[in-house]
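This note concerns the packing of helices and the nonpolar cores. Please read it beside the sequence and the model.

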Amino acid sequence: MTLLYAVILLGILIFVHELGHFLFAKVVGVKVEKFSLGFGPKLVGMKRGETEYMISAFPLGGYVKMLGESPGEEAERPLSEEDRRRAFNHQPVWKRFLIVFSGPVFNIVFAAVVFILLFMSGVPVLKSEVGEVMEGTPAAQAGLQKGDEIVSIDGTPITEWSGMSAVIQKSPGKELALTVKRDGRTLTLTITPEKKTVKDIFGEPREVGLIGIRPSGAQYTKELSPPEAVVTGVQKTGEICVLTVVAIVKLIERVVPAKTIGGPIFIFQLAGQTAERGALDFFTFMAVISINLGIINVLPIPVLDGGHLLFLGIEAVRRKPLSEKTIALAQKVGIVVLIMIMAFALYNDILRIITGQEIP
């Protein structure tokens, strides 16, 4: 079943990515010859109009083949005047930029749509209910007790643990007024979060305010109205986009260890695990991977969309395209770089399986 879930996940994300290229090519009038899910030999296919739609043997990718897209194609197959008008390489830079950029954009927009639908259908959130009060902490000194529910901090309504935690962490050394429900009564307690240095998700130290409590684990299902879901879904997508970019930068800076890079085996494993936990986890994972796919694809590496965008940017500045020889050489270098990255990620995957280690 893990393989099936992984194929479903990757199939949907690849389809969304290639659909972006396909639709924008059609919109600006470029002839699309092939739309394939997967690489390699064709398994099944059908032709509708001028485009052949296919499913190919290797599912880790896909492509949209446009007329005039491949270097040297026109030398091998002379084009009619009509075909030249609709060939990719005869379009202005802005049209080609839109076609190339649309794939990553569709992945990110798809993630936002998934989050919006999840927030509308309802997601479980932790209640702001205290499960444990640690001795000698600001919470203990202020009189907080197990089972207390924190409902407003300094007059601001609190409905969930994450919101409460965010306010406390941003207020080290600042006196806060906590409104607490306890056994049907409402109490107001004064508490000053203690300044502590903790490590963030990238292992870097940062100062936060802590009061010394843990959640009870009680949850409720939070459903948002369509307008609220749109706002929250877009915000969530933006947060993960920023987090992904920061993670890539931290990898380059070697703040985040390279062993955290996961490859196809890791994605397959997580696809199966999240699917077993339920639709919410599976689709959340799908949205996160979609964002990762979109952002990684705009990295300026030849053969990725970002490499093509770089070439188009250079062409716009020079007012003439790079030579086919230069592009072909750059793409060979890009292929080597991608193979090295994929090989290293696969090595990490295999090492985790052999050693039984979890990803940090």
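In which hand does H1 pass H9? H1 passes H9 in a right-handed crossing, where right-handed means that the near helix is turned clockwise from the far one by less than a right angle, and left-handed anticlockwise.

1. Basis. This is a predicted model, in which local features need pLDDT of at least 70 and side-chain atom pairs count only at pLDDT 80 or more, while totals for chains, interfaces and linings use all residues. Residues are numbered from 1 along each chain as its sequence is written, and side-chain values use heavy atoms, with hydrogens and water left out. Helices (H or I, at least four residues) and strands (E, at least two) are DSSP runs numbered from the N terminus.

2. H1 and H9. These helices pack at an angle of about 45°, with axes 10 Å apart; axes are lines fitted to C-alpha atoms, for helices over the stretch in contact, and angles run from 0 to 180 degrees between N-to-C directions. H1 is therefore oblique to H9 (under 35 degrees is roughly parallel, over 145 roughly antiparallel, 65 to 115 roughly perpendicular, the rest oblique). Contacts (heavy atoms within 4.5 Å) join Tyr5, Leu9, Ile12, Leu13 and His17 of H1 to H9 residues including Phe282, Met286 and Leu293. The contact comprises 9 nonpolar, 3 polar and no charged residues, with Ala, Val, Leu, Ile, Met, Phe, Trp, Tyr, Cys and Pro counted as nonpolar, Asp, Glu, Lys and Arg as charged, and the others, Gly among them, as polar.

3. H1 and H8. The axes of H1 and H8 come within 8 Å and cross at roughly 100°, which means that H1 is roughly perpendicular to H8. Among the residues in contact are Leu3, Ala6 and Leu10 of H1 and Ile267, Phe268 and Ala271 of H8.

4. H4 and H7. Here the axes come within 8 Å and cross at roughly 135°, so H4 is oblique to H7. The crossing is right-handed. H4 residues including Ala111, Phe115 and Phe119 meet H7 residues including Ala229, Gly233 and Ile240; by class there are 12 nonpolar, 3 polar and 1 charged residues.

5. Cores. A nonpolar core is a set of buried (under 20% relative accessible area; exposed is over 50%, partly exposed in between; 1.4 Å probe, protein chains only) Ala, Val, Leu, Ile, Met, Phe, Trp, Tyr and Cys residues joined through side-chain atoms within 4.5 Å. The largest has 28 residues, and Leu9, Leu13, Phe110, Phe115, Phe119, Met286 and Ile291 touch the most other members. A second, separate core of 17 residues includes Val130, Ala139, Ile158 and Ile168.
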